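Hi,

Here is the structure I promised to pass on.

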Amino acid sequence: MATFRDAEQAGWSERASRYDEIFGPVAAQAIGAILDGLEDVTGRAVLDICCGTGELSAALAGRGARITGIDFVPAMVERAAAKVAEGSFAAGDAEALDLPDDIFDAAVCAFGLLHMAEPDRAIAEAARVLKPGGRYAYTTWLPPAKGGDLFVIAGNAIKEFGTTKVDLPPAPPVFRFADPAEAESALSAAGFRDIAFGEHEAVWRGETGQDVIDLIYEGIVRTPMMIEAQTPDAREAIKARIVEASEAMRRDGVIAMRWPYALVTATLA
């Protein structure tokens, strides 16, 4: 069986060409909050960990930062490099950065920790490459109880027609770093202080319930893996229930789903 990392890397490689169209607009809604959390980046060396297709890197460069971006999907890196010509981008491992110590003024990881097999190592690596006093920020999705509509709809459909006990690679808890206590513990262990935890909300909008299925299958990795691991009958019933529940959310011709997220910032001691 493939490892969790293998599955994530393969999934995002398949989605790279349509990421900006399908899911990018949701994640991009966090950029303003991230920029505010990093404070002034003018002339600063900033590392964009899990840079994806480079939307955040482009925004940071627009604020005057000197950008280095890494991602474990080469196709994502190519798109980021095309957007930010003045940046330096490479395929790389966030859990083992091929970078010297103490060279960045700030580092950011936007919605990346939940895709890592060993996220604590990634936080420690971010601390290693930051200068003393350097700023670190990450974003991560909040759990269904905080209002994540798609997580609720998909989770309920899987419980109703399928099972969560499927043959998938062992994975770390998806919402671990959305817990303030876990954030405090992990960041403190890596040498960070002045840890701040804030909650924000992005919104996805689509026209039909089928658009939600497309979002799941072309913009996310873990959830479609769970659905595809079901029996054929359960799989189709789950999809049908997701479409039905999504259509029930239609207001004024639009289906709007909340994507609440946490922004966590800290300073290296």
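In helix α9 (residues 180-189) of this predicted model, the residues A183, A186 and L187 are buried. Around the helix axis they span an arc of only 95°, which means that they sit on the same side of α9. Turn to the other side of α9 and you'll find A181 and A189, which are exposed. What covers the buried residues? Among the elements doing so are α7, β5, β6 (192-206) and β8.

D179 caps the N-terminal end, with a side-chain oxygen 2.8 Å from the backbone nitrogen of A181. After the helix comes G191, and its phi is positive, near 100°.

Next, go to strand β5 (residues 130-141), one of the elements that cover α9's buried residues. Nine of the twelve residues in β5 are buried, so the strand is largely enclosed by the rest of the structure. How does β5 run relative to β4 (residues 104-110), parallel or antiparallel? The two are parallel, and six bridges join them; A106, for instance, has R135 in β5 as its bridge partner. β8 (residues 254-268) is also joined to β5, by seven bridges, but this pair runs antiparallel. There, A137 stands opposite T265 in β8.

β4 and β5 also belong to a right-handed β-α-β unit, with helix α7 (residues 119-129) as its helix. In the loop between β4 and α7 you'll come across L114. Is L114 buried or exposed? Its relative accessible area is 10%, and under 20% counts as buried, so L114 is buried. Leaving out residues up to four places away in sequence, L114 touches F4, T140, W141, V174 and R222.

Last, the nonpolar cores. In soluble globular proteins, nonpolar side chains tend to be buried together. The largest core here has 58 residues, and L60, I242 and W259 have the most contacts inside it. If you pick L60 and skip residues up to four places away in sequence, you'll see it touching L35, L38, V41, V46, A65, I67 and V108. Apart from this core lies another, of 27 residues, including A94, L97, F177 and L187. That brings us back to α9, where L187 is one of the buried residues.

Cheers

Notes. Residues are numbered from 1 along each chain as its sequence is written. This is a predicted model: local features need pLDDT of at least 70, side-chain atom pairs count only at pLDDT 80 or more; totals for chains, interfaces and linings use all residues. Side-chain values use heavy atoms; hydrogens and water are left out. A nonpolar core is a set of buried Ala, Val, Leu, Ile, Met, Phe, Trp, Tyr and Cys residues joined through side-chain atoms within 4.5 Å. Buried means under 20% relative accessible area, exposed over 50%, partly exposed in between (1.4 Å probe, protein chains only). Contact means heavy atoms within 4.5 Å. Helices (H or I, at least four residues) and strands (E, at least two) are DSSP runs, numbered from the N terminus. Two strands pair if DSSP finds at least two bridges between them. A crossover is right-handed if, with the strands pointing away from the viewer, the path from the first strand over the helix to the second runs clockwise. The arc is that of the directions from the helix axis to the C-beta atoms. A polar contact is a pair of N or O atoms within 3.5 Å; within protein, one must be able to donate a hydrogen and the other to accept it, and residues adjacent in sequence count only if both atoms are side-chain atoms.
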